[in-house]
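This report describes a structure through its helices, loops and chain contact. The sequence and structure are shown first.

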Amino acid sequence: MAAILEVKNLKKDFKGFTLNNISFSLERGYIMGFIGPNGAGKSTTIKLIMNLLKKDNGEIKIFGLDNIKHEKEVKNKIGFVFDENYFYEELTVMEMKRVIAPFYKNWDDVTFNKYIKDFSLPANKKIKDLSKGMKMKFSIAVALSHEAELLIMDEPTSGLDPIIRSELLDILTSLIQNENKSVFFSTHITSDLDKIADYITFINKGSIVFSCPKDDILENHGLVKGPREILNDEVRKYFIGIKENHFGFEGLTKDRQQIKKMLRDNVIIEKPSLDDIMLYYTKEAKM
Amino acid sequence: MNIIISNSSDEPIYEQIVKQIKNMIIRGELAENEMLPSIRSLAKDLQISVITTKKAYEELENDGYIVTVQGKGSYVAAQNKELLKEIRLKIVEEKLAEAIEAGRSIDLSLEEMQEMLKILYEEV
């Protein structure tokens, strides 16, 4: 099946920061998490996808169409959620909706009203009086009310409490029950992604570290703990990074099976979290 | 149908699902031709990725426990009755072996254990 979102050799040069040949693709019916530390290039990539920034080089295809040549057509089928509020603060929820709706060919009031009800959003309250969680839910209601097939979200969970975050995850998993739709979202709160994401794309310092199924990443990597004496050059080759202290070491390997074979019972191998993985890879890149 | 997933377990999540569904089929809690939840709804309910549930179902299908009909869903496959009985017998044997081991550790004789089994068999 053709990818719903395909980014190929994307390049953008800023003073002091380069987005370097970014490539990844997402199929229909799946959720992709886009992770990386602050300043890694997540928002820049998303802005390039949305054509809010001009790319220097590369190709972006959405629904198989060029994102700039077919911008109008493409954007009609994208739901976009920003981390910051980009609505008019002085308007009420309903007034704001009336401003946005005409921009979309397939705007559906019934769907919108259903979300407003589901999210218990106060229809006649001004946007500026909504809490951060409420604003986020309003953004999502807007993003989902015009039959969007691709939902793109920039840091949707940052600043939200765990209860609203969990509600959001529920909404996202409901969305992909229909095998036709996909979600692409950036975040640095990886515990949310640990659960629902199908694919993880990890960006660091403007380059992609990996882009693959989350299960593969979690199965192949291992958090290894053991005594320092067993660390030799041969063993070290299999580690992404190692932290040593007086009592032993902890390290991340991306070849769990090999380490198990080599070190057997001398070490404990645990399942890493995405946080662990992100931490070791970004630290390594600094050294 | 209960599926309990541990996120802290070292066992990959898809394996946990495979094991539990296999057990349900072996114990007869899931009957032949019974429909299984779709991979997407299972993923949603367990709050895990679709790829994980897909992998679990693929493995169950490869092992002959379920069949997937394109566009319809997954069903419990017709089981070989003899084989199923064999598996169940094996489970009983394993449990008995465990009990014997526990008995031996406190020096119970065969007669004492037989007596115990007899009483329990009538009670349970």
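## Crossing of H1(B) and H3(B)

H1(B) passes H3(B) in a right-handed crossing; a crossing is right-handed if the near helix is turned clockwise from the far one by less than a right angle, and left-handed if anticlockwise. Helices (H or I, at least four residues) and strands (E, at least two) are DSSP runs, numbered from the N terminus. The model is predicted: local features need pLDDT of at least 70 and side-chain atom pairs count only at pLDDT 80 or more, whereas totals for chains, interfaces and linings use all residues. Residues are numbered from 1 along each chain as its sequence is written, while chains are lettered from A and ligands numbered from 1 in the order in which they are written.

The contact between the two helices is made by B:Ile13, B:Tyr14, B:Ile17, B:Val18 and B:Ile21 on H1(B), and by B:Thr52, B:Thr53, B:Lys55, B:Ala56, B:Glu59 and B:Leu60 on H3(B). Two residues are in contact if their C-beta atoms, placed from the backbone, lie within 7 Å. By class, this contact has seven nonpolar, two polar and two charged residues. Ala, Val, Leu, Ile, Met, Phe, Trp, Tyr, Cys and Pro count as nonpolar, Asp, Glu, Lys and Arg as charged, and the others, Gly among them, as polar.

The axes of H1(B) and H3(B) come within 8 Å and cross at roughly 45 degrees. H1(B) is therefore oblique to H3(B). Axes are lines fitted to C-alpha atoms, for helices over the stretch in contact, and angles run from 0 to 180 degrees between N-to-C directions. Angles under 35 degrees count as roughly parallel, over 145 as roughly antiparallel, 65 to 115 as roughly perpendicular and the rest as oblique.

## Helix H3(B) and its surroundings

H3(B) has 13 residues, and its first and last C-alpha atoms are 18 Å apart, close to the 18 Å expected at 1.5 Å a residue. The expected span of a helix is 1.5 Å times one less than its number of residues. After H3(B) comes B:Gly64, with a positive phi near 80 degrees.

The buried residues of H3(B) are B:Val50, B:Ile51, B:Thr52, B:Thr53, B:Lys55, B:Ala56, B:Tyr57 and B:Leu60. A residue is buried if 20 or more other C-beta atoms lie within 10 Å of its own, exposed if 12 or fewer, and partly exposed in between, with C-beta atoms placed from the backbone. In chain B, these buried residues pack against H1, H2, strand S1 (66-69) and strand S2 (73-76). In chain A, they pack against strand S10 (207-213) and helix H8 (214-220).

## Contact between the chains

The contact takes 15 residues from chain A and 14 residues from chain B. On the side of chain B that touches chain A, helix H2 (39-46) and helix H3 (50-62) are the elements that give two or more residues. By class, that side has six nonpolar, four polar and four charged residues.

The 25 residues of H4(B) should span 36 Å at 1.5 Å a residue, and the end C-alpha atoms are 37 Å apart, which agrees. The number of buried residues in H4(B) is zero, so the helix lies largely in the open.

B:Asp107 is found in the loop between helix H4 (81-105) and helix H5 (110-123) of chain B. Phi of B:Asp107 is near 60 degrees, a positive value in a residue other than glycine. B:Asp107 is exposed, with 7 other C-beta atoms within 10 Å.

## Chain A

Chain A has 11 helices and 14 strands, and its C-alpha trace spans about 70 × 40 × 40 Å along its principal axes. Of its 287 residues, 36% count as buried.

A:Glu155 lies in the loop between strand S7 (150-154) and helix H6 (162-175) of chain A. Phi of A:Glu155 is positive, near 50 degrees, and A:Glu155 is buried, with 21 other C-beta atoms within 10 Å. A:His188 lies in the loop between strand S8 (182-187) and helix H7 (190-196) of chain A. With 17 other C-beta atoms within 10 Å, A:His188 is partly exposed. Not counting residues up to four places away in sequence, A:His188 touches A:Ile35, A:Pro37 and A:Asn38.
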